[in-house]
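The sequence and structure are shown first.

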Amino acid sequence: MIRSTLSPLSHTLSRRGFVAGLAAAATAPVLSRPALAQAAPHVFKVGEVEITVISDGTMSLPLSFVLPKTDAKTAGDLLAARGQSPDLVAQVNVLVLKTAGKLVLVDTGGTKDFMPTIGGFADRFEAAGFKPDDVTDVVLTHAHPDHLWGAIDALDEPRFAKARVHMSIVERDFWIKDGLAESMPDALKGMTAGTYRRLKIIESQIAAAKPGAEILPGISLVATPGHTPGHCSVFINSGSQSLLVGGDALSSPIISFEKPDWAWGADYDATQGAATRKVLLDRLAADRTPLLGYHLPWPGLGRVERKDLAYRFVMA
Ligand SMILES: [Zn+2]
C-alpha cells in the first residue's frame with residue numbers, strides 16, 4: 001500500500017482509478033463553474049464508497065498573504081488572464097464518506113470565530129440528514145483552524161464524540177507540544193494556541209497514524225508535507241476506482257498548478273510545500289487519478305493535466 005513518501009504513488013494510484021464520468025468531462029475549463037459555494041451537497045461514488053461534499057463556507061485570501069514572495073503585478077496578470085480577481089476566494093469542501101458500515105469525515109470545517117464566512121458545515125451536515133453521533137471516524141489532513149476547529153462545538157465539547165480521530169503522528173506531535181505558540185511568529189500565536197487547545201479536547205479520541213498507513217479499509221494517509229509539518233493527503237481506493245483527497249497541498253486552481261514553484265504564504269515550509277506540489281502534480285497527471293481539493297472550486301473535484309512546462313486543474 002501507500003508508503004510514507006510520495007515515491008510509491010505512481011505504483012498505487014491506478015490508471016483504471018477514474019471516478020466515473022471524470023474522463024467525459026475532462027475538457028471543461030476550470031473557470032466554467034461559479035466561484036461561490038453551493039448550498040446543496042454534492043454526491044458521487046468512488047467504487048462502493050459514497051462521498052458527499054458539504055461546504056463549510058468560503059475564505060477570502062488576499063494575494064499579499066498567499067504569495068508574499070511574488071511580484072503583485074506578475075501574479076495579478078496571471079490571474080486576470082484566467083478571469084480571476086487578485087483576491088482569491090477559496091472554497092472549504094468537507095467530505096462525508098459512507099463505506100462498509102462506517103460514516104467518515106475528511107476534515108471538519110472551521111469556526112466563525114476564526115473566520116465569519118466559514119463554520120457552516122455542522123448545520124449543513126445535519127440538514128443533509130446526518131447525525132454527529134453516527135460519525136465513526138474523522139480523518140484530519142492537518143490541524144489548521146479551517147480543518148480541525150469544527151470538530152469542537154460551541155460548548156468546547158467534541159462535536160463527533162463517538163468518532164475515532166485519525167491524523168498523522170507528525171502532525172499531532174507538532175501541534176500538541178507545550179509552549180509551541182510562544183515560539184511562533186506573532187501572527188500565528190493565536191491560531192497555534194487555538195489548535196493546541198482543541199487538540200487537547202479530543203486528545204483521547206486521536207488515533208495517530210504513520211503516514212502511509214491504511215487507517216480504514218481502502219483509506220490511507222499519504223505524506224504531503226510543507227503546508228504543515230505532518231500534512232497528509234487521503235487516498236481512497238474501492239474496486240477499480242480511486243481518489244486523492246489533497247487537503248491543502250494544492251489550494252489555488254491557477255497558482256498551485258501553473259506555478260507550483262511560487263512560495264505559498266499559507267505553507268509552514270514554503271520550499272517543502274513547493275517540492276510536494278511538484279511530486280504530487282507529476283504523479284496525478286501521469287496516473288490520471290482524480291483529485292479533490294479542500295479549497296479548490298466547488299465541489300473541489302477534478303484532475304491534473306500537463307500544460308506547457310507545468311500543469312492545469314480540470315474540473316470534473
Ligand atoms: Zn485549509
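The model is predicted: local features need pLDDT of at least 70, side-chain atom pairs count only at pLDDT 80 or more, and totals for chains, interfaces and linings use all residues. Residues are numbered from 1 along each chain as its sequence is written.

An open sheet of 7 strands, with mixed pairing, has the order S1-S2-S3-S4-S5-S6-S7. Its edge strands, S1 (42-46) and S7 (206-209), each pair on one side only. Strands (E, at least two residues) and helices (H or I, at least four) are DSSP runs numbered from the N terminus, and two strands pair if DSSP finds at least two bridges between them.

| Strand pair | Sense | Bridges |
|---|---|---|
| S2 (residues 49-61) and S3 (residues 88-99) | antiparallel | 11 bridges |
| S9 (residues 219-223) and S10 | antiparallel | 5 bridges |
| S10 and S11 (residues 241-247) | antiparallel | 5 bridges |

Within these pairs, Met 59 is bridged to Ala 90 in S3, Ala 223 stands opposite Cys 232 in S10, and Phe 235 has Leu 244 in S11 as its bridge partner.

Strand S10 (residues 232-238) is largely enclosed by the rest of the structure, because 7 of its 7 residues are buried (20 or more other C-beta atoms within 10 Å of the residue's own, with C-beta atoms placed from the backbone). Cys 232, Val 234, Ile 236 and Ser 238 lie on one side, and Ser 233, Phe 235 and Asn 237 on the other. In a regular strand, side chains alternate between the two faces of the sheet. S10 and S11 form a hairpin with 2 residues between them, and Gly 239 in the turn has a positive phi of about 60°.

Helix H3 (residues 72-81), by contrast, is hardly covered, with 1 buried residue among its 10. Gly 83, which follows H3, has a positive phi near 75°.

Conventions
Buried ≥ 20, exposed ≤ 12 C-beta atoms within 10 Å, placed from the backbone.
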